[in-house]
Amino acid sequence: MNVDFHLHTTESDGILEPSALLRTVASVGMDYFSITDHDTIAVYSRHAELLTQFGERVVSGVEVSTNAGDREVHILGYGFDVGSSHISDILSDRVAARRQRAERVVEKLKRQGVPISMTDIARQATGEMIGRPHIARALVDVGAARDVNDAFDRYIGLGCSAYVPAATLSTANAIRAINESGGVSVLAHPTRNAAEELLESLVKVGLRGIEAYSTSHTQHDAE
């Protein structure tokens with residue numbers, strides 16, 4: 001079976017527009033898939049007609065940025081009611097929050113002498129959401145980083161000089177909202193930020209799955 005349950009579009013920090021992503025999904029003959037844009041489910045309302053053509057092959061999805069004490073943890077939600085108030089409530093302020101985060105990152109970078117502006121970052125984002133990949137691509141464009149990985153490693157990754165956490169939403173509240181909307185809550189790429197250390201506590205508040213296959217994981221991690 002050919003599936004991918006972690007796809008992003010330009011509605012958040014993906015590279016492909018929704019229509020282009022769906023053409024790719026169709027061309028490779030994917031049996032099931034989910035678009036899990038960061039902190040937004042806009043793709044499911046703005047591109048509902050395109051998605052309808054895939055019928056039950058498409059599973060509603062989202063990737064929610066949350067805060068678990070001193071670390072940022074991403075929770076994936078699958079199969080929820082896209083009209084659920086539980087989901088809309090936790091995502092309602094995400095556009096503004098992410099823009100404010102980007103502005104704080106820019107301020108930190110400028111204090112370090114990095115010639116970057118919000119205009120540079122906005123050029124990288126075709127949707128409303130601004131994420132760290134957009135900032136990373138802007139850093140490459142202005143010559144402050146060799147590539148996206150270098151931008152994260154030097155400036156905007158966890159613990160780096162211009163890192164600013166995105167989330168104010170607690171991990172427990174995100175898990176509850178997804179579950180209460182009829183969905184399944186899943187811990188995304190658990191090796192990032194040592195999120196696997198939180199598994200026991202997250203299961204207690206309702207976590208229902210763990211993402212095993214990720215570009216962040218080695219084969220050993222997946223196993």
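**Aromatic pairs and their surroundings**

Guide: Let's begin with F33, which is buried, as is F54; buried means under 20% relative accessible area, exposed over 50% and partly exposed in between, using a 1.4 Å probe and the protein chains only. This is a predicted model, in which local features need pLDDT of at least 70 and side-chain atom pairs count only at pLDDT 80 or more, while totals for chains, interfaces and linings use all residues. Residues are numbered from 1 along each chain as its sequence is written, and side-chain values use heavy atoms, leaving out hydrogens and water.

Rings of Phe, Tyr and Trp (its six-membered ring) pair if their centres lie within 6.5 Å; planes under 30 degrees apart are stacked, over 60 edge-to-face and the rest tilted. By this rule there are two aromatic pairs. One joins F5 and Y78 edge-to-face, at 6.0 Å centre to centre with 65° between the planes. F5 belongs to strand β1 and Y78 to strand β4, so this pair ties together parts 73 residues apart in sequence. Helices (H or I, at least four residues) and strands (E, at least two) are DSSP runs, numbered from the N terminus. F5 is partly exposed at 32% relative accessible area, whereas Y78 counts as buried at 13%.

Now back to F33 and F54: their ring centres are 5.2 Å apart and their planes stand at 80°, so this pair is edge-to-face. F33 sits in strand β2 (residues 32–35) and F54 in the loop between α3 (48–52) and β3, so parts 21 residues apart in sequence are tied together.

Eight of the 10 residues of α7 are buried, so the helix is largely enclosed by the rest of the structure. Among them are R132, H134 and L139.

Finally, there is the largest pocket, with a volume of about 1,300 Å³. Of the 46 residues lining this pocket, H6, H8, H189, R192 and T215 are the closest to its centre. Elements giving two or more residues to the lining include β1 (3–7), β4 (71–78) and α7 (132–141). On a 1 Å grid over the protein atoms alone, a pocket is an open set of points where a 1.4 Å probe fits, with protein on both sides within 12 Å along at least five of seven lines; lining residues have an atom within 4 Å of a point. Points are joined across faces, edges and corners, and volume is the space filled by probe spheres set on them.
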